[in-house]
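This briefing is for a reader meeting the structure for the first time. Please look over the sequence and the model before reading on.

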Amino acid sequence: MLTLAIQKKGRLATGSLELLEHCGIHFEHNGQEKLKTEALNFPLEMLFLRDDDIPRYVEDGVADIGIVGENVALESAADILKVLPLGFGKCRMSIAVPKHLAYTGVQDLQDKRIATSYPRLLKKFLNRNKVSAQIHEISGSVEITPGINMADAIFDIVSTGSTLISNGLREVELVLHSEAAVYRNRRLNPGKLALLENLCFRIQAVNKAKDHKYILLNVPNEKLEQVCRILPGMKSPTIMPLGEPGWSSVHSVIKEDKFWEIIQQLKDAGAESLLVTDIEKMIL
Ligand code: ATP
Ligand code: ZN
């Protein structure tokens, strides 16, 4: 049995539970009301915790693995291992100053008061840049502190930047990119490691599928070569003759981020009746 710690409530909670569901791991849906629950069809027990507590639980071995933001794991300085980034819960951590303040570079932070909930990460950044400043650790609403003259700058999570703007702040230093990731305890026994490997195999198949689309298109035979050159499929595309003589059906897999670009090229090359579908799992 593998014990997994996930966030009880918050920005990572839904993403974590959905990921497990997509991996074919089912559990009772009122699970989140409890402190822990067992999966119905995988040897997995889940603990629902505050995200800040997850690195420590994993370090201590109360949980074998945990899903938590890289920002929180790094700030905790827990002695745990990152196994797999997950592609959700993406954010960045930045330093912001009042928007009218002149700012020319990190040296301008010298001797300033910086408010943050992430004192360790901030200290590391300042040390790296040989700047010394006063770090004011507070647990929430960091972005209001310059407005009430409690701080000269802040170090906090930014996702869209709209919270900064509405507090009259502007982002001046991007310190860290973060996303949710699976972390594990350093000393897992071989049985638990095998379960973790199985879980990661499933997660990778799900996440890879999310980044890809399956496409089918009809192509006149004389254009086949040109169309196949455009398609960077997993291997070479599948080509099957259509009922109508002189035409073929081509099947392939393309990356989501190249999608529109490739579709246009395929149309220009003479492809017709393009059909695009999501892929549920992808195993290479
Ligand atoms: P908890 O009650 O579990 O302590 P919290 O209030 O500390 O929750 P959330 O706001 O749910 O935490 O954020 C959890 C994590 O989600 C953050 O540590 C970060 O990794 C990630 N995240 C992604 N985007 C954002 C965002 N826009 N604001 C805050 N966190 C974000
Ligand atoms: Zn938290």
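The notes below cover the domains, the ligand site and the contacts made there.

The model is predicted. Its chain is divided into three parts: domain 1 (2–87 + 179–209), domain 2 (91–177) and domain 3 (211–278). Ligand 1 lies between domain 1 and domain 2, because both give residues to the shell around it.

**Domains**
- Domain 1 is made of two stretches of the chain, 2–87 and 179–209, while domain 2 spans 91–177.
- Domain 3 covers residues 211–278.
- The centres of domain 2 and domain 3, taken over C-alpha atoms, are 49 Å apart.

**The site of ligand 1**
- The largest pocket is the space taken by ligand 1.
- There are 17 residues around ligand 1, and those that come nearest are Arg-11, Arg-50, Asp-52, Asn-71 and Ser-159.
- Sorted by class, the shell around ligand 1 holds 6 charged, 6 polar and 5 nonpolar residues.

**Polar contacts and cover**
- Arg-50, one of the residues that come nearest to ligand 1, has a polar side-chain atom 2.8 Å from an oxygen atom of the ligand.
- In the side chain of Asp-51, an N or O atom is 2.8 Å from an oxygen atom of ligand 1.
- Asn-71 has an N or O atom in its side chain that is 2.8 Å from an oxygen atom of ligand 1.
- On its own, ligand 1 has 630 Å² of accessible area, and the protein covers 76% of that area.

Key. Residues are numbered from 1 along each chain as its sequence is written. Chains are lettered from A and ligands numbered from 1 in the order in which they are written. This is a predicted model: local features need pLDDT of at least 70, side-chain atom pairs count only at pLDDT 80 or more; totals for chains, interfaces and linings use all residues. Side-chain values use heavy atoms; hydrogens and water are left out. A residue is near a molecule or strand if one of its heavy atoms lies within 4 Å of it. A polar contact is a pair of N or O atoms within 3.5 Å; within protein, one must be able to donate a hydrogen and the other to accept it, and residues adjacent in sequence count only if both atoms are side-chain atoms. Accessible areas come from the Shrake-Rupley method with a 1.4 Å probe; for residues, only the protein chains shown count as cover. On a 1 Å grid over the protein atoms alone, a cavity is a set of points where a 1.4 Å probe fits but cannot get out, and a pocket is an open set with protein on both sides within 12 Å along at least five of seven lines; lining residues have an atom within 4 Å of a point. A molecule sits in a cavity or pocket if more than half of its atoms lie within 2 Å of its grid points. Ala, Val, Leu, Ile, Met, Phe, Trp, Tyr, Cys and Pro count as nonpolar, Asp, Glu, Lys and Arg as charged, and the others, Gly among them, as polar. Domain bounds come from an automatic or database domain assignment.
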